[in-house]
Amino acid sequence: MLRGVCGELRALAAGDPQVDLEQCLAAARRGGFRPPVSVVLAHGALCHALTGDLAAATDYLRQLEQHDSGESFVSREWLPAASHAASLVSEERSRWLRDVLQKILRPTLWVRAALCTVDGGVAAHRGEHAAAARHFTEAASVYDRMGNVTDATLAAAWAARAWHVAGEDVASAFLEYPDR
């Protein structure tokens with residue numbers, strides 16, 4: 001997991017996260033347990049999405065889909081990273097994760113935040129930037145209420161970008177959401 005976080009930090013610093021991700025994924029697969037592989041795939045997808053390598057991010061998300069095919073297990077350990085990555089990659093990947101999340105019988109706040117994030121991704125990829133901004137802002141608010149500063153910050157960044165593209169004053173748009 002630490003290598004995955006290192007890869008994310010390297011991606012945010014405009015570096016190449018691939019070496020960390022490959023080592024992390026190999027170790028997770030050697031361990032034989034499903035959850036660590038899902039965690040690495042989700043965080044790997046986010047690393048690649050943050051560096052702009054949407055093809056690699058899509059590949060990791062598709063591997064995650066295949067890896068957890070038929071499973072009803074969604075973990076907070078990988079869900080935020082997967083939802084951020086899907087929202088950045090494509091409408092199709094956002095829809096896939098939204099479909100998975102909508103099947104959960106007892107959605108937690110983690111699921112609610114992820115749903116808001118992928119709904120923002122769907123709207124953004126459709127060019128509905130004001131709607132995307134509202135979804136991302138709601139995701140930021142839910143993450144914030146849970147005390148998840150990192151994911152709240154990422155969702156707020158996606159919201160700010162969407163408000164800007166929609167032609168809205170970003171500061172004024174955020175003032176409409178007092179929880180943010």
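The questions and answers below look at salt bridges and at one pair of packed helices in a predicted model.

Residues are numbered from 1 along each chain as its sequence is written, and side-chain values use heavy atoms, with hydrogens and water left out. Because the model is predicted, local features need pLDDT of at least 70 and side-chain atom pairs count only at pLDDT 80 or more, while totals for chains, interfaces and linings use all residues.

Q: Why is Arg93 called buried, and why is Glu65 called partly exposed?
A: Buried means under 20% relative accessible area, exposed over 50%, and partly exposed in between, using a 1.4 Å probe and protein chains only. Arg93 has 2% relative accessibility and therefore counts as buried, whereas Glu65, with a relative accessible area of 28%, is partly exposed.

Q: How do you know that Glu138 and Arg112 form a salt bridge?
A: The closest N and O atoms of Glu138 and Arg112 are 2.5 Å apart, which is to be set against the limit of 4 Å. Glu138 lies in helix α8 (residues 129–146) and Arg112 in helix α7, so this pair ties together parts that are 26 residues apart in sequence. Glu138, at 22% relative accessibility, counts as partly exposed, and Arg112 is partly exposed as well, with a relative accessible area of 36%.

Q: Why is α5 called roughly parallel to α9?
A: The axes of helix α5 (residues 79–89) and helix α9 (residues 149–165) come within 11 Å and cross at roughly 15°. Axes are lines fitted to C-alpha atoms, for helices over the stretch in contact, and angles run from 0 to 180 degrees between N-to-C directions. Angles under 35 degrees count as roughly parallel, over 145 as roughly antiparallel, 65 to 115 as roughly perpendicular and the rest as oblique, so α5 is roughly parallel to α9.

Definitions and conventions:
Salt bridge = Lys/Arg side-chain N within 4 Å of Asp/Glu carboxyl O. Helix = DSSP H or I, 4+ residues; strand = E, 2+ residues; numbered from the N terminus.
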